[in-house]
Amino acid sequence: MLDDILASALANPQAFLPVAFTTTLVFALYRRWKASRSLRVPFLKFEDGDDSRQRYLQESGKLLKLGYEKAFAMRNYIDELAPQVYLPLKYMDEFKAAHESQLSFPYFSELLFSQNEIGMAKVTEEASHVMRTDLIRNLPTIIAGVKDECSAIFNKMIPLTPDWTPVTPYPIFAFAVARLSARVIAGPELSKNDEWLGICLSFTKKSMEAAHALRASWPAYTRWAARYFSPAVKTVLADRKRATELLTPVLEARRQASRIPVEKRQTRYNDGVQWLMETYDAQNRKITPAVLAEHQLFLAVASIHSSSAITLSILYDLLDEKHQDAKKAILDEIEAVRNEYSNWTRPAVAKLLKLDSFMKESQRLHFMGHARVTRAARVPYTFKDGLHLPKGTMAQVLHSGPQTDPQFYEDPETFDPWRFLRKRETIDPYKFQFASLSNVETTFGAGFHACPARNYAADTLKLVLVHLLTSYDIKYQKESQTRPPDTNHDNATLPDFGTVLLFKGKSSQAP
Ligand code: HEM
């Protein structure tokens with residue numbers, strides 16, 4: 001019978017289209033109905049008449065604040081058919097401990113970016129694994145090279161002149177972070193290749209644009225075809241292809257080198273390409289350039305914009321007139337550490353306690369997103385208290401609520417630069433650090449998927465800030481020396497990317 005339907009559809013496609021359309025619509029409505037029936041949490045929406053998509057993009061934060069106490073659902077403009085649920089803190093322990101086959105971080109990313117349809121690089125187990133093992137093992141060597149690399153990168157892009165130079169810092173910070181990350185992830189062959197860096201820098205933005213274009217113009221059940229027709233999707237695929245081409249000779253050369261006995265090798269590679277290749281070799285699997293490109297692009301997406309946006313956000317606070325005493329204390333601390341250590345090694349960076357505390361307080365009040373722990377239900381999932389998430393639910397635990405909750409932070413609305421330093425001094429020196437994790441400290445996520453590169457990211461950010469603060473005098477171009485308001489996009493909050501800062505080379509520059 002199926003054969004007959006197929007044959008008649010092929011013979012007369014015009015007549016078949018309305019049938020296909022109706023079936024698709026009915027199926028979609030059934031999916032939405034089924035999900036909403038089994039999701040028994042309040043559905044929050046703007047009640048003043050304007051419930052537009054644009055409103056969700058710019059003002060989601062208002063609804064998220066309203067729901068801090070209880071689990072709630074809200075419109076999911078990513079996929080109008082899949083429910084979106086925000087959970088309060090009390091669900092965190094169960095949420096972060098749920099098995100990957102139940103509540104999944106890679107599946108959330110897949111849905112968020114429509115990764116299957118646009119060809120975006122996915123979260124890969126292997127890439128996360130090498131960050132969790134090889135990166136951590138090699139951190140001392142890697143961090144020891146970051147400060148010199150910072151000088152090489154920034155001195156070219158922001159002149160050390162005695163006059164004030166206007167600079168829009170975000171693109172420069174993103175480029176600097178892309179190069180620093182590429183050194184670790186892609187290795188020496190590509191870390192200074194402008195084409196490679198260009199692909200890594202723009203891949204996130206292009207992927208987001210492709211996902212938006214897809215949702216705006218392609219009904220859900222036609223999206224599989226977008227890769228053949230949508231220019232935005234084709235751009236993502238073209239970048240993947242080019243990334244694969246650029247990685248091909250690198251992988252080939254590494255393979256040849258690996259045939260030489262270790263003691264006779266002239267170069268010892270210590271980077272993501274090598275770690276991934278060796279991981280595959282150890283499992284008797286063969287890594288192809290296309291597979292390597294998937295891992296590399298995923299790591300580029302994970303590393304570049306998160307690090308550069310946070311650097312900018314912290315710098316904004318450091319320049320704010322309210323924090324000049326704290327900045328002076330941080331500069332004195334940097335000077336003291338530099339006098340004690342001849343190089344910016346990991347132990348030296350670990351002594352930057354005031355900078356660490358300031359960075360963490362800055363992120364507490366200017367967090368990057370209202371939710372930092374994100375999972376999607378691969379199967380229907382029920383919490384111990386009976387809260388049920390239907391299959392396909394995109395769920396997130398609220399990060400923003402606890403940051404200004406007096407239950408966790410005394411006088412929570414006040415920017416207190418040494419809040420976390422005091423906690424380290426009085427409670428536990430190994431906790432309350434910028435990269436620490438706890439149920440309320442979720443800048444870097446939680447549970448198994450918590451950012452495996454968080455210590456690398458924290459040390460690198462500090463060294464970038466050390467470089468900027470010791471090499472330049474920096475101030476806002478506008479008269480008022482205050483931090484510009486953050487911008488909102490869906491549940492993300494970002495530092496303003498358009499603010500112009502003035503830079504001037506310091507007369508006595510630090511090494
Ligand atoms: C300040 C900068 C960064 C922030 C705020 C950040 C934050 C995060 C967050 C929130 C997650 C998801 C955790 C979860 O859902 O529980 C994550 C995952 C991840 N991050 Fe980062 N990250 C940063 C920098 C980096 C860098 C520099 C790299 C690589 C060099 C990196 C590699 C990863 C990877 C591989 C994952 C996935 C882990 C997994 O699947 O298990 N991140 N990060």
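Start by selecting A243, which lies in helix α13 (residues 231–258). Helices here are DSSP runs of H or I with at least four residues, strands are runs of E with at least two, and both are numbered from the N terminus. This is a predicted model, where local features need pLDDT of at least 70 and side-chain atom pairs count only at pLDDT 80 or more, while totals for chains, interfaces and linings use all residues. Residues are numbered from 1 along each chain as its sequence is written.

Is A243 buried or exposed? A243 counts as buried because it has 26 C-beta neighbours inside 10 Å. The cut-offs, with C-beta atoms placed from the backbone, are 20 or more other C-beta atoms within 10 Å for buried, 12 or fewer for exposed, and partly exposed in between. Now show I199, A293, Q296 and L297: A243 touches them, leaving aside residues up to four places away in sequence. Touching, or contact, means that the C-beta atoms, placed from the backbone, lie within 7 Å.

**Helix α14**

Select residues 272–282, which make up helix α14. Its buried residues include G272, V273, W275, L276 and M277. Among the elements that cover the buried residues of α14 are α7, α9, α13 and α15. Just past the end of α14, click on N284, which takes a positive phi of about 55°.

Zoom in on C451, found in the loop between α20 (419–426) and α21. C451 is buried because 22 other C-beta atoms lie within 10 Å. Its contacts, not counting residues up to four places away in sequence, are F444, G445 and A457. An unreviewed UniProt entry annotates C451 as "binding site"; UniProt positions follow the numbering used here, feature names are shortened, and annotations may be inferred rather than shown by experiment.

**The sheet**

Finally, colour the strands. Six of them form an open sheet with mixed pairing, in the order β1-β2-β3-β9-β6-β4. Two strands pair if DSSP finds at least two bridges between them. The edge strands, β1 (43–44) and β4 (103–104), each pair on one side only.

At the β1 end, β1 pairs with β2 (residues 72–74) in the parallel sense over two bridges. Look for F43, which stands opposite A73 in β2.

Now select β9. Five of the five residues of β9 are buried, so β9 is largely enclosed by the rest of the structure. M394, Q396 and L398 are buried on one side of β9, and A395 and V397 on the other. Strand β3 (residues 84–87) pairs with β9 in the parallel sense over four bridges, and Y86 stands opposite Q396. Strands β6 and β9 run antiparallel and are joined by five bridges; here A371 has L398 as its bridge partner.

Definitions and conventions:
Two residues are in contact if their C-beta atoms, placed from the backbone, lie within 7 Å.
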